[in-house]
Amino acid sequence: MSAEEFEPNIVAFLCNWCSYAGADLAGTSRTQYLPNVKIIRVMCSGRVNPLFLVNALQQGADGVLISGCHPGDCHYMEGNYYARRRYTLMHKLLEHVGVDPGRVNMSWVSASEGAKFKDVVEDTVTKAKEAGPMEQFRRRRINW
Amino acid sequence: MGDYKFAKTKLAEVIGAMSDYQVVAPVESGEVVRFAVVDDPAKVTLEFSNTNVPPKELMFPETETLFRFRLGGTDLEPEVPDAAARRAVFGIRPCDAMAYTIVEKLYNWDFPDPYFNNRREATTLVGYACAEPCANCFCPSLGGGPGSEKGLDSIAFDLGDTMYLKTLTDKGEELVKALGGVLESAGEAEARAAAKQVEEAEGKIRRSIDTEGIAEHLPELYGHPFWEQFSDRCLSCGICTFLCPTCHCFDIQDESEGLDARRARMWDTCMFSEYSLHASGHNPRPTRKERTCNRVSHKYSFFPTNFDAIACVGCGRCINYCPVNIDLLDILEKSKQADAKEAQDA
Amino acid sequence: MVDESKLREKAAEVLAREDVRRLIGWKRGTYGFEAAPCVIKDASEAEALIFDPTCVQNPASFITLEEKKPVPRGQEADTRKIAVMVKGCDSRAIVQQLVEKAYDRDHVIVLGIPCLGVIDRRKAAALFGDVASQVSAKVDAEKVAVDVGGDVKTVDRKDILMDKCLRCRYPNPLVYDELLADEVEKWAGDEFADVGEFEGQSPEEKWAFWEEQFSKCIRCYSCRNVCPMCYCVECVVTKLQPQWTRRATDISENTVYHIQRAWHLAGRCIECMECQRVCPVDIPIMTLNRKLTRDVKEMFEYEPGVDVEAQPLLASYNPQDPEDFIM
Amino acid sequence: MMDDTNPYLPYTAKILEAWFETPGDRCIKTFKVSFEDEKVRDTWSHRPGQCAMVGRLGTGESMFCISSSPTEEGYLRFSIMRAGKNTAALHELEAGDTMTVRGPLGNSFPVEEWEGKNIITIGGGIGQAPLRPVINYIRANKDSYGDLTVLYGARTSEDHCFKGEFEEFFSEGTTCHLSVDVEEEKWPHFVGFVPTLLMEVSPSPDNAIAVTCGPPVMINFVVQNLEKLGFAPEQIYTTLEERMKCGIGKCGRCNIGNLYVCKDGPVFSYATLKKIPEAFA
């Protein structure tokens, strides 16, 4: 597969109150975002277990996006602050193992930022395209 | 059977000549020596006392597919190894080869296990006698030794510049034939040198255990407080059992990728608490004390009661690698002093 | 150096107390450079206790390893204390366990031992080979004196002590009820040069390294079990419902296991290096932990296991936390 | 009966009927199954007390006793309590679905040796499942045996397995004593734990065999009480369970002492178990 043809699989964990609504807004206002992204709605970015991310990469995602409310705007007051610490660190750890840093992304997208959501998805896809297919520790039926 | 030799410098050539076989030999990877399929004969090393991970994985892989199927379907596609395939294992230590002769009893009672049996059948074992036993070797106490021939098809001795190869079975002889003319024939001198080396190596073994009476005594010690001096520091990790060449317990799990699925078995260990945990939450071996007792008793009592062979070959791995110095020989010695009456009181 | 007879005396005294159930310390191992952690229940057994540079194990691990059987009806649970001997690094584990409220402070009696370093068995093997007889050792600020069956050899510290000791920042226990010897002077700092060096590689180089290392893993879980901070009753890697990690050993599951293990120690690892020491296939596990330790320190100015009053890193936040990674 | 060349391969069985025996979190569901492969169906034979690995492809297998007697022809029955991953997956199945069965495994009750004797079965909760084939076998061969006495208890009357069948026992004249652990309205039978019920009924040990199965604690006390009543260890049988993976004596986890529950058991006489200290752990 050449680099041009490669269409990465992106799994996006979006918080119910801001980012999911942002994605929704992009849809209703006919702002087309790239179809590579598969959205999983969670109640809060703080609910995203780092294992979700690792498991997504293991099961075929080439990139992961976690998106929540802007700092200070969390529906649960502080969930996104915890998430921020968590993923800033997780990102560093995965980088140390040799996972391309472009595969793990995080953003703040509010319910009114449909256009930003489109940009964020675009960025994520571009980075994943640069990183290429995720092969490192993907489950590949080894010795099956 | 036959006596052969080759110059040690020609090791890669000899390995290379085994092209009719899939060759498995000790290879260094990531700073440890481990048995692996040889893709480049130059990578084979003989510079090891023994591998960390025993070559039991050659007959009983860490993870192996039993059969494949489609989710939602009912057709099973067994993944049984081919008994007729030819595989040569070069450089296996006598203790590890002897372990196969012990566990194959279990793999053949009541229901023969085609996975283990076929792999064993397909394999020709070329042993590698020990010249320098490790600090915790005690193979002679269990009927083995640095030059033990049990379970082997042929055995190689490192005599300095030359390797002396003695074939022991037809399979071993067949492998030599397949090598073509790479080997020279050896004579009395090499055989004598090898015998001397084995004798010297045996003299260097510093640890031993008298197994007399242990099989009868251990079951009486269930619940005895003496276990606690070991189990209290046990980490419940799998080192002693995963690295044991005779430990044979496994777990079976189903895995799927999309609709493709397999049932596979993988090493498991009685030292994990989940091992015997019932779905109800009841655990017949709830603490490290019962698990330690079970591990030692299984090796030195239950297995010999069932199969007339102790499930231990004296390779010393469980002692060498235990992070908290739980020493099997120490346990056995202390068990001899433990009074069965105190077990009943406890 | 701690006086062993004083240590035994103290241990016997503590064990004789009515409110003490057991004491965790070290005794001489059965061969070579081995020491064995030991759990003693009676003052008469205190004679076996030792402390010297062979005492590598972290006794704090054993506080939470104990499995308690359900208390039979009509009987009361044994709530007596556990006494535990700790080196400087070991004491950080106790601090962190207290931070996480794994148990109450008065559940343990901490006997602190200022330490000048412990022996790395792998380095010792490179110097002395396979030693069968029991070895004892002494360490001071310059040298390590190793006694192999009466034959005493002096070795340079860096050639035999564990790497963690060469960069030790906490040689003196940070939490204790009693100190068994005078405090020692700190001799090193930690610049995390190893982490920086590793980071200098490309993703491909890093992965090539880890692929080889993780392929060796046999998933014996000794790194998890020995860790004083891994004390969950049910571990996510062995959970079946849902099953996050499969039992199969292959590069995918092994990698995920190691990522999970390191991740669960983010902001919690107290650098006792036990995980790396126990690994039977020599995986440099601390490389991952050290990376996180350094980043946690740099990004959040947080160091686990030094302050009993601290909040756990990932259960707290600062609105001003760095967010340059966020798009 | 097992696949001759590969004992790890299960057979596919179709579920003919499935129904819940008891409600709740730990509900028990009974499956009546028949093998898809005609050859297997025709050659299959088992003895009372034997087990089989029952599972779903993709989830796994667990060991269950075959709760139908060999005298019930044309189908096998399994009564399965929901407890873990595999049982939860099995509980999702309904009539018409398929499951896998690998067996028969293990030993069985020595029903021939017991001919001419009075048989007492003492069951608790799901422990009635392995006793059911014994009871039905004896009912089908009434003439060869003395009196059959059935004792069965569960936490509440709702938790009783095989409820309808006890009515049959009463109507056909088989001695049957039922109990519940806690008092409840309109319960005409005994209230109390099974070991107490046993003392209440106090069967005679003369020319008798007692068979018991239930939770480990119950088995413990029942055996103690049987001994008090004068039963010799040789007259007491029980059937055990342990976690199992292979079912054929290889995976190692089900041992008690040197005996493997999957292949040397699950049926043991108390005379055998008495010698193994961990048997009642």
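The model is predicted: local features need pLDDT of at least 70, side-chain atom pairs count only at pLDDT 80 or more, and totals for chains, interfaces and linings use all residues. Residues are numbered from 1 along each chain as its sequence is written, while chains are lettered from A and ligands numbered from 1 in the order in which they are written.

**Contacts between chains**

- Two residues are in contact if their C-beta atoms, placed from the backbone, lie within 7 Å.
- Of the 5 pairs of chains in contact, chains B and C share the most contacts.
- This contact takes 38 residues from chain C and 36 residues from chain B.
- On the side of chain C that touches chain B, β2 (35–40), α2 (61–65), α8 (203–216), α9 (222–226) and α11 (274–278) of chain C each supply at least two residues, and β2(C) gives the most, with 5 residues.
- Helices (H or I, at least four residues) and strands (E, at least two) are DSSP runs, numbered from the N terminus.
- The side of chain C that touches chain B divides into 18 nonpolar, 9 polar and 11 charged residues.
- Ala, Val, Leu, Ile, Met, Phe, Trp, Tyr, Cys and Pro count as nonpolar, Asp, Glu, Lys and Arg as charged, and the others, Gly among them, as polar.
- No contact joins chain A and chain D, whose closest C-alpha atoms lie 15 Å apart.

**The domains of chain B**

- Chain B is assigned domain 1 (3–204) and domain 2 (214–345); such bounds come from an automatic or database domain assignment.
- The C-alpha centres of domain 1 of chain B and domain 2 of chain B lie 27 Å apart.
- Their contact takes 33 residues from domain 1 of chain B and 27 residues from domain 2 of chain B.
- On the side of domain 1 of chain B that touches domain 2 of chain B, the elements giving two or more residues are β4 (63–70) and α2 (94–106) of chain B.

**Strand pairing**

- Two strands pair if DSSP finds at least two bridges between them.
- In chain B, an open sheet of 4 strands has the order β5-β4-β12-β11, with antiparallel pairing.
- β5 (77–78) and β11 (250–257) of chain B stand at the edges with a single partner strand each, so one side of each is left without a neighbour in the sheet.
- β4(B) pairs with strand β12 (residues 260–267) of chain B over 7 bridges, and B:R70 has B:D260 in β12(B) as its bridge partner.
- In chain D, strand β6 (residues 98–105) has 6 of its 8 residues buried.
- A residue is buried if 20 or more other C-beta atoms lie within 10 Å of its own, exposed if 12 or fewer, and partly exposed in between, with C-beta atoms placed from the backbone.
- β6(D) pairs in the antiparallel sense over 4 bridges with strand β1 (residues 11–22) of chain D, and it pairs likewise over 4 bridges with strand β3 (residues 51–56) of chain D.

**Core and surface**

- A nonpolar core is a set of buried Ala, Val, Leu, Ile, Met, Phe, Trp, Tyr and Cys residues joined through C-beta atoms within 7 Å.
- Of the 313 residues in the largest nonpolar core, A:L93 and C:V84 touch the most other members.
- Helix α3 (residues 79–97) of chain A provides the largest share of this core, 9 residues.
- C:N318 counts as exposed because it has 12 C-beta neighbours inside 10 Å.
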